[in-house]
Amino acid sequence: MRDVVTQAAQRLNVRIAGGGSHPFHMWADRRIYPTERFKHLLDLYGYLAKQFTIFGQHVHIGCPDGDAAIYLTHILSRYVPHFIALSASSPFQQGEDTAYQSSRLNTVSAFPLSGQIPFVHSWKEFLEYFEKMRNYGVVESMKDFYWDIRPKPEYGTVEIRVFDTPLTVERAAALAAYVQALARHLLAERPLAPSREVYMLYNYNRFQACRYGLGGTLIDAYSGEQRKLADDVLLTLARIAPGARELGSAAVLEALGASVISGEGDASWLRNAYKERGSLNDVVRIQSDLWMGLRTHVGGKVPQT
């Protein structure tokens with residue numbers, strides 16, 4: 001699919017890039033696509049709708065039933081910092097280095113219905129909550145919840161929404177493979193029970209991942225231990241490795257683990273590109289080369305043209 005899009009883009013002299021934010025676009029210049037829903041969002045949220053020109057990868061996990069979806073939503077919330085840190089690719093906003101690995105999620109957090117699912121215990125409780133919110137006129141559909149993770153009943157999935165768009169399709173596939181193997185482990189083994197403690201620590205752990213990426217600190221709500229996010233990811237990769245072998249994704253997750261050990265990531269790659277080139281125009285040009293398969297992402301370094 002990437003190759004087909006690339007060929008069409010080249011015929012039109014258009015370039016396609018990954019990344020969670022455009023390094024130098026200005027939100028005030030954005031135009032809203034003229035559909036009824038988008039017009040409603042602009043009327044409701046004002047400038048936030050234009051600031052929402054950010055780019056994320058959503059991953060869906062199929063669930064056997066609603067109760068499983070609620071369980072998985074709660075337990076995956078403990079791993080949200082993993083997903084943020086592994087995909088972080090939005091260090092620049094409006095021509096400035098934000099000092100964040102993922103600045104994209106700061107924009108999402110501004111919306112009043114962002115955050116996390118309430119601590120319901122079953123699909124029945126969740127439907128009761130949803131109906132109350134709809135009767136109050138707060139929401140019309142599940143689309144109105146901008147939660148980091150949410151059930152998606154029309155697809156029969158749980159949807160993870162915190163990933164920045166990676167710089168390459170290969171990285172995107174590796175992140176999806178990680179989620180698949182992790183979700184398989186959680187649903188099959190049920191190693192953890194939903195806990196309010198996860199949500200007590202949620203914003204702190206989320207901030208650490210956005211600000212520092214894999215170098216941030218994670219507080220494990222279940223054990224009370226503090227460790228580097230990179231170390232927690234590696235422990236999790238080891239735990240889910242048997243299932244990954246059965247899924248056929250062991251080699252992909254081993255490569256993902258190697259990138260964690262080396263400290264390579266998309267945000268650092270983008271910063272290195274800017275350091276070497278001194279131009280955000282050049283950064284966007286070479287990151288589009290990456291996504292379109294015209295350049296190789298090697299060792300976190302920016303190859304010279």
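## Largest pocket

Helix 2 (36-45) contributes five residues to the lining of the largest pocket, the most of any element; helices (H or I, at least four residues) and strands (E, at least two) are DSSP runs numbered from the N terminus. The model is predicted: local features need pLDDT of at least 70, side-chain atom pairs count only at pLDDT 80 or more, and totals for chains, interfaces and linings use all residues. Residues are numbered from 1 along each chain as its sequence is written, and side-chain values use heavy atoms, without hydrogens and water.

The largest pocket holds about 680 Å³ of space. Here a pocket is an open set of points on a 1 Å grid over the protein atoms alone where a 1.4 Å probe fits, with protein on both sides within 12 Å along at least five of seven lines, and lining residues have an atom within 4 Å of a point. Of the 26 lining residues, Phe38, Leu41, Phe52, Ile54 and Tyr146 are the closest to the centre. Strand 1, helix 6 (104-109) and strand 5 (146-147) are also among the elements that give two or more residues to this lining.

Strand 7 (residues 157-164) is largely enclosed by the rest of the structure, because eight of its eight residues are buried (under 20% relative accessible area, 1.4 Å probe, protein chains only).

Strand 7 runs antiparallel to strand 1 (residues 56-62), with six bridges between them; strands pair if DSSP finds at least two bridges between them. His60 has Glu159 of strand 7 as its bridge partner. Strand 6 (residues 149-152) is also antiparallel to strand 7, through four bridges, and Pro151 is bridged to Val158. In the hairpin of strand 6 and strand 7, Gly156 takes a positive phi near 70°.

Definitions and conventions
Buried < 20%, exposed > 50% of the residue type's maximum accessible area, 1.4 Å probe, protein only. Points joined across faces, edges and corners; volume = space filled by probe spheres on them.
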